[in-house]
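Here is a friendly briefing to read with the model open beside you. We will go from a helix and its neighbours to a set of charged pairs.

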Amino acid sequence: MNGIIEEVEMDQWRRTHFSSEIRSCSENDTVIVMGWVSSIRDHGNLHFIQVKDRIGETQVVAKKGDCPDSVLEQIQSLKEHSSLAVKGRVRLQQKSPTGAEIVPVELKVFSNARNAAPFMLQGKRSSIGLDIRLDLRAVDLRRNILQSIFRIRHTLLSSIREFLAKEGFLEVNTPKMIATATEGGAALFPIFYYDREAFLAQSPQLYKEQLTMSFENVYEIGPIFRAEPSRTNRHLSEAISIDTEMAFADYSDAMQLLERLIFHVLDSIRKNNNDELNSSEIVLPNIKIPLPRYSYDQILESLMESDENVRYGDDISPQALKLIASKLNLNSFYFITDWPASIKPFYVKPNSKFEAKSESFDLMFGPLEISSGSTRINRKLELVERMRKQGLNIQKFDYHLKVFDYGIPPHAGFGVGLERFLMSITGLENIRDASLYPRDIDRLAP
Ligand code: AMO
């Protein structure tokens, strides 16, 4: 028979075991597993079905004579991706990939897959175009490699929360509908806010600075929105930013916090994601802290020695960063510090001795920027002066500037792009795979 299997309700059926728990059952125990079909091998009268759930995978073996004919008939029509429950007997089996398998007694198919997915589930990296996968992202996310990446992401986020809480940081959420820009270079998405124009927040920058007045150390993990007109493999229109801000600290304190945070995250992933690391090609970077630090001047000198066409005060282009990373053999995390004040946003503090430089840093991974941070200006007049120099409309920032009349402490912080951080530690080449539902200039769905 090769038709569509009747779809039924769960009714009273509930999962008794996750797939990975089958191996600790006794021979002939009756179990119910629930999940979806990740692969089917058909040898005529013998069928092997892999059933996957959120913990792992188990093998169901249906052989004529061993299981009811009605179940065998259902299995003959089963398609990969269908969602189902299998009630069966456990058979301990050395040869089975997980040491035990299930001989089915009854099957409930909840939802049949109508189509074959246009990509392989098991492949480590997919050769299918990214767009085809993203168009069917919910199914794409069933692929093993993406399962590993998003489980690693989960550890990354929980270990960051754990680390920052221990360091005395309070988790906050700041408005995402805002009145003014904060990050000069990046374009804003305008929105309608009742009868006024407003914008989606590019960064929680000004709010996190303000919150150092009352809470000293704060962090936020939330979306940032940037109208990026370019199509690169490292820009999204909506990204997740891990922002920190701390009182009574400067940029060297912020760098130390960031490198310790990275160390802690890598350590937690090593401890918690053994399965993901063993079953994929992911090789976590090994780091030692303190991370290497290069000043902007050192990078520029090195570029000039290589006849790159750069001038003091220029931003360092992606091509120049590639050149530097390969010339200095920088294939892991390092800092570039003390950037020219002229190319940093208005809130970044110029160096008190050399005004042209700023107390700032970027955290890099090879040629990829992962984070920026700095000491911030905490005096109103200085801030107004910097805003004026950058041609900003000072009146529009009135809501922010008035806070500076009430004793804001010296403060510093950084913002880490979550997707870029995940790319760097998992070796992803395209940022879109580090986001569940990426947004870019061409993509607003799914
Ligand atoms: P910056 O603009 O450098 O700094 O952003 C911080 C980090 O956010 C990530 N990021 C992005 N990731 C994907 N797509 C994008 N379009 C994108 N834009 C930024 C990067 C980047 O390093 N307020 C400061 C941070 C601070 O000083 O605290 C800021 O937003 O990884």
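Helices (H or I, at least four residues) and strands (E, at least two) are DSSP runs, numbered from the N terminus. The model is predicted, so local features need pLDDT of at least 70 and side-chain atom pairs count only at pLDDT 80 or more, while totals for chains, interfaces and linings use all residues. Residues are numbered from 1 along each chain as its sequence is written, and side-chain values use heavy atoms, with hydrogens and water left out.

- Helix H9 spans residues 318-327, and its buried residues include Ala320, Leu321, Ile324 and Ala325. Buried means under 20% relative accessible area, exposed over 50%, and partly exposed in between (1.4 Å probe, protein chains only).
- These four sit on the same side of H9, because they cover an arc of only 135 degrees around the axis; the arc is that of the directions from the helix axis to the C-beta atoms.
- Gln319, Lys322 and Ser326 are exposed on the other side of H9.
- What do the buried residues of H9 pack against? Their partners are helix H8 (296-305), strand S13 (333-337) and strand S14 (360-365), where contact means heavy atoms within 4.5 Å.

- Six of the six residues of S14 are buried, so the strand is mostly covered.
- Ser360, Asp362 and Met364 point one way from S14, whereas Phe361, Leu363 and Phe365 point the other way; all are buried.
- S14 pairs with S13 in the antiparallel sense over five bridges; two strands pair if DSSP finds at least two bridges between them.
- Leu363 in S14 is the bridge partner of Phe335, and Leu363 also stands opposite Ser371 in S15.
- Strand S15 (residues 368-375) pairs with S14 in the antiparallel sense too, over six bridges.
- A hairpin is formed by S14 and S15, with two residues between them, and Gly366 in the turn has a positive phi of about 55 degrees.

**Salt bridges**

- Side chains of opposite charge can pair when their charged atoms come close. The whole structure holds 29 salt bridges, each being a side-chain nitrogen of Lys or Arg within 4 Å of a carboxyl oxygen of Asp or Glu.
- One of them joins Arg114 to Glu7, with the closest N and O atoms 2.6 Å apart. Arg114 lies in the loop between strand S5 (100-111) and helix H2 (130-135) and Glu7 in the segment before strand S1 (30-42), so this pair ties together parts that are 107 residues apart in sequence.
- Arg114 is exposed, at 52% relative accessible area, whereas Glu7 is partly exposed, at 33%.
- Arg91 and Asp66 form another salt bridge, at 3.3 Å from N to O. Arg91 is in strand S4 (residues 83-92) and Asp66 in the loop between strand S3 (57-63) and helix H1 (69-76), 25 residues apart.
- Arg91 is partly exposed, with a relative accessible area of 23%, and Asp66 is partly exposed at 33%.
- Buried or exposed: which describes Arg133 and Asp433? Both are buried, and their side chains meet in a salt bridge of 2.8 Å, N to O.
- That pair links helix H2, which holds Arg133, to the segment after helix H12 (418-426), which holds Asp433, 300 residues apart.
- A network of salt bridges links Arg133, Arg137, Asp140, Arg143 and Asp433.
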